[in-house]
Amino acid sequence: MLKVLYLAHDLADPAVRRRVLMLREGGASVTLAGFRRGENALAAVDGLTPIELGRTADGRFGQRMAAVAKAVAGLRRLLKGVERPDVIIGRNLESLAVADRASRLFGGVPVVYECLDIHRLLVSDGAAGKAIRRAEAHFGRDAKLILTSSPAFIANYFVPRSALKAPIMLVENKVLALDGMPEAKPFRLPPQDGEPWKIGWFGALRCRKSLKLLADFSRCMDGRVNIVLRGRPAYSEFEDFDTFVANEPYLSFEGPYKNPEDLSAIYGDVHFSWAIDFFEEGLNSSWLLPNRLYEGCLYGSVPITLAGTETARFLSAKDIGLTLHDASPESLEALFDGLTGERYGALAAAVAAEDRRSWFADRSDCRALVDNLSRLVSSAAEASAASFVPATAAQEGLTAMKTDVCSSVASLIVIPCLNEEKHIGPLIERLGPALDQLNARIVVADGGSTDGTRDIVARISEADPRVILLDNPRRIQSAAVNLAVKTFGRDYEYLIRIDAHGDYPADYCQRLVEEAELVQADSVVVAMETIGHGIFQKATAFAQNSKLGNGGSKHREGAKGHWADHGHHALIRIAAFESVGGYDETFSHNEDAELDYRLKKAGFGIWMTDKTRMIYYPRSTVRTLFRQYLGYGRGRAKNILKHGSMPKLRQMLPLAVVPLFIGAFLAVLNWIAVIPFSLWAVACVGYGFWMAVGQRNPYGPLAALSAMVMHFAWSAGFWMELLSFRNRKAS
């Protein structure tokens with residue numbers, strides 16, 4: 001069991017309780033220690049007694065620094081009796097300082113920096129800002145992972161401003177649902193005649209501007225809108241919070257609540273949720289994705305956001321919620337002017353129609369978090385591999401690209417990978433010219449590698465900040481690309497997908513961009529040339545490059561440039577990618593064909609280029625080849641079941657293999673039953689010998705065996721998915 005020492009900035013913060021519950025549910029043993037800024041019995045975790053490191057106060061930065069210094073000085077005594085942890089998590093900068101000291105006391109424990117708010121001093125260009133960033137760099141110099149909750153924190157602070165070079169894992173502020181998917185609430189009814197609309201502002205109440213704006217607005221509406229406040233007011237941010245609320249006729253403060261246990265009840269009592277925060281206005285408040293955003297949407301309330309913020313961008317992509325164009329009572333009045341029950345019903349229906357997994361984290365998310373932390377332990381125990389620095393100079397003979405094409409657009413190069421230590425270093429080196437000639441960034445979305453992949457990428461990132469290591473908790477490639485686009489995509493026009501298990505020409509990315517700009521394609525796909533090294537891999541490559549193995553697929557054999565329905569994914573315009581919802585993460589295989597179907601249906605153009613291609617290395621054993629094509633078969637079946645599209649002839653022929661194989665067992669009744677299966681086997685072997693003679697390739701017969709494995713596995717996967725779907729539908 002992973003042992004975690006969790007150092008919190010505020011033991012009374014409900015979000016600390018939520019993270020502790022998440023770690024414990026993921027299988028970790030947690031020791032909680034931290035500072036206390038106030039009392040909050042609802043933040044307690046059953047069965048866990050925290051270690052208090054000292055008392056701090058909101059808004060008193062100097063006092064908090066003194067408390068941290070005192071805690072660091074006496075930390076050996078404070079943590080006396082605590083068993084050596086496997087990982088130490090420091091939540092916020094003050095706890096990171098304590099985590100740095102604790103790591104040394106315990107003999108070098110991996111440190112994780114959890115940063116869910118960016119203080120204004122961290123982005124200040126003054127002397128204080130530079131000093132606080134130096135402090136962050138000092139205390140986080142050995143941090144192995146950064147946990148943060150919003151893509152905008154990464155794009156606006158950690159990449160351009162922070163000196164920390166650790167990999168980044170995005171853990172959104174989703175509602176913790178340990179008992180599975182929370183029960184969906186029926187559509188909330190609009191108020192009856194004479195009843196008010198209700199706006200709920202719940203959570204950390206720290207924004208004076210929001211309080212004043214809501215008070216002024218409710219007075220203007222003269223009882224047609226009531227404001228309900230719940231949570232923990234930051235009294236240091238208000239002159240007199242309680243008196244102010246008491247004097248407002250349409251505001252009410254109904255005290256704290258337990259998260260997540262009370263969420264259904266409190267959001268069930270309001271029509272709208274206030275998802276705006278002006279605290280650290282223009283900085284942190286513009287970048288965060290707050291808890292109340294996920295809480296309100298999960299339980300059916302319509303969110304209200306402010307234009308220009310990450311929250312507004314997030315909800316705009318989902319086409320839900322109401323957006324204020326400016327922070328004024330008049331703008332709020334305009335939103336509610338003429339609001340009818342029918343209009344509200346449409347707004348609530350849009351929220352309810354969104355995939356509810358967007359709003360909550362379950363046990364699988366808890367396990368994914370703990371699994372990522374566990375890998376830090378194994379990585380720390382392994383010896384460091386040889387240092388690797390990527391070459392960035394253009395290679396000799398590289399085709400010079402037109403300046404206007406290369407510099408006028410920005411490209412996000414995404415490499416999903418898992419345990420690719422043999423390939424990842426040379427692959428990034430190969431892509432070096434693209435970084436120099438294109439306005440590009442490389443994101444390696446790692447699904448939890450346990451070999452040296454992560455260390456290699458981390459060292460490359462230190463030498464070249466344009467290369468970023470991003471954790472992919474869901475492991476599969478579709479989730480990796482979606483996460484990279486969600487985190488960084490808004491600053492780029494094109495997504496270039498690179499497979500770690502392949503090789504590419506030096507000008508691959510440049511050619512893709514050139515083709516996309518030339519033909520104005522929304523997606524550019526390429527052909528694959530399969531190459532093997534060992535005997536079995538060479539035979540499999542021979543099969544996959546032939547009609548016996550690919551059925552005449554254009555993206556396997558190559559063709560003149562043409563508009564296509566599908567091909568090996570290379571480049572996609574991010575606007576098109578996002579408009580159709582990205583990859584379907586329920587697909588572990590065949591996600592590219594499924595996305596191509598939606599792109600074509602939405603009217604986007606897919607261009608197969610003949611200007612470049614990728615080199616693919618097939619699986620090197622029968623077992624891994626079988627598993628790969630089993631997944632391909634299941635993916636194709638899922639695609640057909642989802643969209644109702646009929647498979648092509650080249651895909652229908654292999655479907656018969658498993659039925660023929662099962663039918664062959666009827667030979668115990670009549671020998672004729674074995675003939676169809678035997679004819680397939682003889683045809684494959686005969687084709688293999690024909691290829692060996694016709695192409696003078698000695699791997700022809702063995703290629704036939706590889707093709708038979710692919711046919712059988714593909715057919716088995718297809719029928720398995722089809723039968724499991726029927727069983728799920730029946731149940």
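1. In this predicted model, strand E6, helix H6 (residues 151-158) and strand E7 together make a β-α-β unit that is right-handed. E6 and E7 (residues 168-170) run parallel and are joined by three bridges, and within this pairing Leu147 stands opposite Met169 in E7.

2. On the pairing of E6 with strand E5 (residues 111-114), the two strands are again parallel, with four bridges between them, and Val112 stands opposite Leu145 in E6. The chain passes from E5 through helix H5 (residues 127-139) to reach E6, and this β-α-β crossover is right-handed. Strand E6 itself, which spans residues 143-148, is mostly covered, five of its six residues being buried.

3. Arg188 deserves a separate look, since this residue is buried, with a relative accessible area of 14%, although it lies in a loop, the one between strand E8 (175-176) and strand E9 (197-205). Leaving aside residues up to four places away in sequence, Arg188 touches several residues, including Tyr267, Gly268, His271, Tyr299 and Tyr344. Arg188 and Val302 are 114 residues apart in sequence, while their C-alpha atoms are 10.0 Å apart in space.

4. The structure holds 40 salt bridges, of which a few are described here. Asp86 pairs with Lys3, with 3.8 Å between the closest N and O atoms, and this pair links distant parts of the chain, 83 residues apart, with Asp86 in the loop between helix H3 (75-78) and strand E4 (87-91) and Lys3 in strand E1 (residues 3-8). Asp86 counts as buried at 18% relative accessibility, whereas Lys3 is partly exposed at 25%.

5. Glu310 and Arg313 form a salt bridge in which the closest N and O atoms are 2.8 Å apart. Because they are three residues apart in helix H12 (residues 310-318), Glu310 and Arg313 are separated by about one helical turn. Glu310 counts as buried at 2% relative accessibility, while Arg313 is partly exposed, with a relative accessible area of 25%.

6. A further salt bridge brings together the side chains of Asp365 and Arg357, at 3.4 Å from N to O; Asp365 is buried, with a relative accessible area of 17%, and Arg357 is partly exposed at 26%. Elsewhere, Asp100, Arg104, Arg141 and Asp142 are linked in a network of salt bridges.

7. Ile672, found in the loop between helix H29 (657-664) and helix H30 (675-694), is partly exposed, with a relative accessible area of 46%.

Key. Residues are numbered from 1 along each chain as its sequence is written. This is a predicted model: local features need pLDDT of at least 70, side-chain atom pairs count only at pLDDT 80 or more; totals for chains, interfaces and linings use all residues. Side-chain values use heavy atoms; hydrogens and water are left out. Buried means under 20% relative accessible area, exposed over 50%, partly exposed in between (1.4 Å probe, protein chains only). Two strands pair if DSSP finds at least two bridges between them. A crossover is right-handed if, with the strands pointing away from the viewer, the path from the first strand over the helix to the second runs clockwise. Contact means heavy atoms within 4.5 Å. A salt bridge is a side-chain nitrogen of Lys or Arg within 4 Å of a carboxyl oxygen of Asp or Glu.
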